[in-house]
Structures are given as structure tokens and as C-alpha cells.
Amino acid sequence: MSNKIVLLPGDGIGNEVIYAAKDVLEAISEKYNTEFEFSSYDIGGIALENHGVPLPDETIQACKNADAVLLGAVGDPKWENHPSDLRPERGLLGIRKALDLYANLRPVKGFPKLLHASPLKEEVILGSDLLIVRELTGGLYFGQPSERRDNGNAVVDTLSYTKKEIERIVDKAFQSAQLRNKHLTSVDKANVLESSKLWREIVEEKNQNILM
Ligand SMILES: CC(C)[C@H](C(=O)O)[C@@H](O)C(=O)O
């Protein structure tokens, strides 16, 4: 059976990393007799150049029909002064929403042979092994209103979450911790922010259920 893989290289270093990942998948395909069918679509700045929008419908459709999507990177200083709905970043935010990709799992690991390439001190990165779990489809990036006011002299962004949105990312974080060393740290500002109060309540409630 062939697995449909959609490649979204995007901009900048995106091409380099995505085609390196494709080489790896091709090697896997040969060694393990697995078939991959690759197709590439535009997102971000390259999509703005080729289609006038950062996330063309055909890209969304292809991703919805795929078994997996590999995304490189979006963004380039040349789009910096464009209106916010015509910036490369909108492509990334849009695909996260369209596919409901709420869980961002970002591993941090110090590989001894690559320590010299890290901007962090070697003694800090050596032995590091964390997984950062970040919510991606709610919160500050999507809350409305988000606008300039008073002739540009004031701004507002809105941080809004539903309980369900927080619960599913917290579940994902607990599940990930169970597969690792069972340690979970929740980062919030519950002494000030309403959103953080609800966030902490949910984390504590789920922690109690796990302990019971
Ligand atoms: C490009 C941008 C919208 C994006 C984000 O802030 O989520 C990126 O910086 C990231 O962290 O994946």
C-alpha cells in the first residue's frame, strides 16, 4: 500500500530540510519495502508569489487527502510590511486551523556531536531532553478582536480559550509525559491572568485523576 505524503517546503530553509527528509523517507522506502507517494504544494511566501494568497485551497485539499504532511518553514523579510492577512505566517496559522492541528510537540535534545553548533552553552544543552507541548489553534493568535485602535495609537489582542481546547492539549501533555519520565511542568501566569487560572485548574484536576 502506498502512503501519500504531501510536502510543504514553504520558504527559506524549508526546501533544504524538507528535501533532506524526503531523502530519508526514500531510503526507508527501499530498505523496508514501503511505498511513499510524494507531492509538493505551496504555502507561505512562495504561495503568495504563485497564487496571491498564503494558503491556496488546493494546498488545504491535498493535506486533507494525505496520510502525512511535512512542513518546512514560512516567512521572509520581504513580506514584513504586508497587511497581516497577506503575510506568509497566515499560511501556517491557516493550515493549523484547517487540519485542527492543536498539539505542537517540540523536542529539545542535546546530540553530543552537534553541541558546538548550538547557541546555548554546552553544559546547559548536554544531556537535555525535553518535550515542549504548545497549544496551536486557540489563544492569543486567534482571539478576536485583534486590531489597532485610536488611529494606530493603541492595540488590542485577545487571549481566549474554551475549556475543551485546554483539556485536549493538557491530555496530550499528560500522555506524552507518561511515555517519557512521567514529569510534567505546566507554564502559566495564574496569579494574574484569567486564562491561566482556568488552565491551572484543568491541569490540577487532570493530575488528581491520574494520581487516583
Ligand atoms: C510563523 C509563526 C506563525 C509560527 C508561530 O509563532 O507559531 C512559528 O514561529 C512557530 O513557532 O512555529
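A: **The domain interface**

Arg 168 and Asp 100 form a salt bridge, with their closest N and O atoms 2.9 Å apart; the term stands for a side-chain nitrogen of Lys or Arg within 4 Å of a carboxyl oxygen of Asp or Glu. Across the interface of domain 1 and domain 2, the rule finds one salt bridge. On the side of domain 1 that touches domain 2, two residues are nonpolar, none is polar and three are charged (Ala, Val, Leu, Ile, Met, Phe, Trp, Tyr, Cys and Pro count as nonpolar, Asp, Glu, Lys and Arg as charged, and the others, Gly among them, as polar).

A word on the model: it is predicted, so local features need pLDDT of at least 70 and side-chain atom pairs count only at pLDDT 80 or more, while totals for chains, interfaces and linings use all residues. Residues are numbered from 1 along each chain as its sequence is written, and side-chain values use heavy atoms, with hydrogens and water left out.

Now for the wider setting. Domain 1 covers 1-101 and domain 2 covers 102-212, with bounds from an automatic or database domain assignment. Their C-alpha centres lie 24 Å apart. Five residues from domain 1 and nine residues from domain 2 take part in the contact, meaning heavy atoms within 4.5 Å. Together the two domains bury about 700 Å², 51% of it on carbon and sulfur atoms; this is the accessible area (1.4 Å probe) that two parts lose on being put together, summed over both.
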